[in-house]
Amino acid sequence: MADLVTLFQYGFMQRALLAGLLISVVCGLLGVFVVLRRTAPLGDALAHVSFGGVALGIAFGFLPLYVAIVVAVAGGIAMRLLQERRLYGELSLMIVQAAGLAGGIVLVSLVGGLNVDILSFLFAPILTVAWSDVTLIVGLLAVTVAVLAVFYKEFFLVTFDPEGARVSGLPVRALDLGFTVLTAVTVVLAMRVVGILLVSALIVVPAATALQLRLGLRGTLVAAVAIASLCVAAGLVLSVFLNAASGGMIVLVSIAALLASMATAGASTRAVSRGPRSSQPRA
Amino acid sequence: MSAASVAASHPPNEAAAVVRVRGVSLEREGQEVLRDVDLSVERGEILGIVGPNGGGKTSLLRLVLGLERPTAGEVELFGVPVSRFREWRRIAYIPQHATAFDPHFPAIVREVVLLGRVARRGALHWLGAEDREAARRAIELCGLSGLEGRRVGALSGGEKQRVFIAKAIAARPDLLVMDEPTAGVDPESERRFYDLLSELRAELGLTVILVSHDLGVVSARVDRVACLNRTLVYHGPAAALEDKDLLGRLYGAGRVVIAHGADEPPVHGH
């Protein structure tokens, strides 16, 4: 316990935990919609695209995180536009993802191969989070959470009943596009916590865990935020004690939580199916 | 409820038919789906659209809802051509298989019914006490009191269907459009469904269009029927459907019935 307290006296640990918890909030909220809309592959594809942005930033000496956000948002919009051209859904993701990745690889080779900067984006960069990163994260987080808070019910309606939403005159196309942009921004933010390769896991896995709890939408959103925060904090602490990669540890803890919740949900389902059928009250 | 008392609850400039379909034809990839259909739906009326699978019922709904454009002819909603119609919040639509959504979807009855208010208000509006009250009223009208906190996926087929109707009427629409609302619902729930429709019409002055392949039940429970088999075979009082010749013309031999796998469900016996 004393070790834990000492640990958080280090500035790098404070910054890492703060950044991690902030990002958990947005990952938890957005993740639930990503899972329900079945757009988990979108997160992964956008993460690969943002690799191109990071490489671009490093190659030309701009702030990689900012460039990655611009590239990921552009990539997300490109995917949507390709989908509207009646390209098969996964194919449009594949093409844009490949473009980002290929561009990134070429740029990396031009600037002299994988250097420390690039590796830090690919894997476990959270312990290297600087205060300037935290500022950027706080700013974007505020915007993302505000947009989600305002459009929560619209996203809910479009997710639950897309056809009905379209008929009632809701701007479904704009909402879809907005959702893609939000996902792109979140992917880049989450990249700072777990690295490009594990971004979509941080968005999707805590949400999937929360969905096991069989709550309403509001309850599921709250649970997803809580689960994501706990997993990030626990993974971070474990990684420091075990001297292991923080991004990987956070994701492993998240997956352990998912498996535990699935086992619990499975056990309770079996208990219900064995119990008397009349146990559920009906009005 | 008489047509006059229903009309009185709306402004006088709203005298036009709720839906008017004039000479509408639809072709998809060279295939004729609908030919020269004329149809009207009057205020406060419950219209049943029946016909064989592949007869164009769902397609006609999609034209009425502006989800598709006709190849020829025109559709008017509340006296306005559908291409220029903007008051979509006056229309609630319950698609086919609406109740067959992912049973694990994390939504409780209260949340889903409130979504009807989102449809009503449009994007970028906060929901307030008035909206919660409208949702509560819709839940009550649809006989769902006591189930507000239950997950929708855990309800029975008939209950789920009433949740969707509550969501639709929470938006206080003037027109409710339903595609195969009683598919996969047991006979008792089906009976309750039609009772509920009559109550909602009396209570809210609702106009209803419903599509069904089940001609027998529909003709007993709606005001007028439109029989569709690519062309409009019959459009008039439901009582006339006891006429066996008409049924023969609608479903009889010599008519080509094309199956739209994705468009229409297989016929279920009742």
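The model is predicted.

**Sheet, chain B**

I start with strand S9 (residues 224-229) of chain B. How many bridges join S9(B) to S10(B)? I find 6 bridges, and the two strands run antiparallel. I looked up one partner by name: Val225(B) is bridged to Gly236(B) in S10(B).

Next I traced the sheet itself. It is open, has 6 strands and mixed pairing, and its order in chain B is S6-S7-S8-S3-S9-S10. Which strands sit at the edges? They are S6 and strand S10 (231-237) of chain B, each pairing on one side only. From one strand to the next, I note an average twist of 15°.

**Helices on the sheet**

I then checked what lies on these strands. Helix H2 (residues 57-64) of chain B lies across strand S3 (46-50), strand S7 (175-179), strand S8 (207-212) and S9. H2(B) runs at about 150° to S7(B). Helix H5 (residues 157-170) of chain B also packs on the sheet, where it touches S6 and S7. The direction of H5(B) makes about 165° with that of S6(B).

**A loop residue, chain B**

I looked for Glu87(B) and found it in the loop between strand S5 (80-81) and strand S6 (91-94). Is Glu87(B) buried or exposed? I count 11 C-beta neighbours inside 10 Å, so Glu87(B) is exposed; the cut-off for that is 12 or fewer. I also took the C-alpha separation from Glu87(B) to Leu77(B), 10 residues away along the chain: 9.3 Å.

**Core**

The largest nonpolar core has 161 residues. Ala190(A) and Leu202(A) have the most contacts inside it. Helix H2 (residues 11-36) of chain A gives the largest share, 13 residues.

Setting aside neighbours within four places in sequence, Ala190(A) contacts Ile23(A), Cys27(A), Val199(A), Leu202(A) and Ile203(A).

**Helix pair, chain A**

Helix H9 (residues 172-194) and helix H10 (residues 199-211) of chain A were my last stop. Their axes come within 7 Å and cross at roughly 100°. Which residues of H10(A) meet H9(A)? I list Val199(A), Leu202(A) and Ile203(A). On the H9(A) side I list Thr186(A), Val187(A), Ala190(A), Met191(A), Val193(A) and Val194(A). The contact divides into 8 nonpolar residues, 1 polar and no charged.

Conventions. Residues numbered from 1 in each chain as written. Chains lettered and ligands numbered in written order. Predicted model: local features only at pLDDT ≥ 70, side-chain atom pairs only at ≥ 80, totals over all residues. Core = buried A, V, L, I, M, F, W, Y, C linked by C-beta atoms within 7 Å. Buried ≥ 20, exposed ≤ 12 C-beta atoms within 10 Å, placed from the backbone. Helix = DSSP H or I, 4+ residues; strand = E, 2+ residues; numbered from the N terminus. Contact = placed C-beta atoms within 7 Å. Axes fitted to C-alpha atoms, helices over the stretch in contact; angles between N-to-C directions. Nonpolar A, V, L, I, M, F, W, Y, C, P; charged D, E, K, R; others polar. Pairing = 2+ DSSP bridges.
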